[in-house]
Amino acid sequence: AKLLVFDFDGTIVDLQCRWGRLKEKLHLFCRDRYRFSIDFSSLNKGIMEIIPKLHKDEQKRVYAIIEEYELKGVNKATPILPTIDFIKKYKHKKKAILSANTKKAIMAALKKVKIKSYFNLIIGKEDVKNQKPNPEGLHFIMSFFKVRPQETIFIGDKDIDFKVGKTAKVLTCGVKEIATL
């Protein structure tokens, strides 16, 4: 493969965020501010539902709430060592991150675990219009590096990552499988 693309939280680091509290805060924010209810049982689904309904300034406010929670998680973030070892082993390969996390949290966590320099491109939630499982971010990354799907490997930890890879026709591996690559 010419390009390795990684999911972030759960793949490279465990952010240790209080996702339940974040979902509740976003639910209350929408209910109190806009008088409509969004189901945040899935954080990504809730965000995909609300963002198109908001003006740019309000979108930034929602992202700021998420970023605040993620940055708190960065302080407690723990590296996922098999992935870190894999990243270092293939330091000369082109590497990117495609994540539903905010770019600021990704950058802070990468700096904390001292692997920021290993990545050529980082795509966070605010960088794409359509979140995972839509393959928009993965297509953008492949286009940026001028590589084809068959020259790319996507590494993730959740079903949503496998859906992205399958839709983009990219070989997708779980975190536990990278030792075999």
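**Helices and sheet in a predicted model**

Colleague: Which strands does helix 4 (residues 81-89) lie across, and at what angle to strand 1 does this helix run?

Modeller: Helix 4 lies across strand 1, strand 4 and strand 6 (152-156), where contact means heavy atoms within 4.5 Å, and helices (H or I, at least four residues) and strands (E, at least two) are DSSP runs numbered from the N terminus. The model is predicted, so local features need pLDDT of at least 70 and side-chain atom pairs pLDDT 80 or more, while totals for chains, interfaces and linings use all residues. Residues are numbered from 1 along each chain as its sequence is written, and side-chain values use heavy atoms, leaving out hydrogens and water. With axes fitted to C-alpha atoms (for helices, over the stretch in contact) and angles from 0 to 180 degrees between N-to-C directions, helix 4 runs to strand 1 at about 155 degrees.

Colleague: What is the order of the strands in the open sheet?

Modeller: Strands pair if DSSP finds at least two bridges between them, and four bridges join strand 1 (residues 3-6) to strand 4 (residues 94-98), with L3 opposite K94. The five strands pair in parallel, in the order 5-4-1-6-7.

Colleague: Which strands are the edge strands?

Modeller: Each edge strand pairs on one side only. They are strand 5 (121-123) and strand 7 (171-174).

Colleague: How are helix 3 and helix 5 oriented to each other?

Modeller: The axes of helix 3 (residues 56-76) and helix 5 (residues 103-112) come within 9 Å and cross at roughly 10 degrees. Angles under 35 degrees count as roughly parallel, and the two helices are therefore roughly parallel.

Conventions
Parallel < 35°, antiparallel > 145°, perpendicular 65-115°, else oblique.
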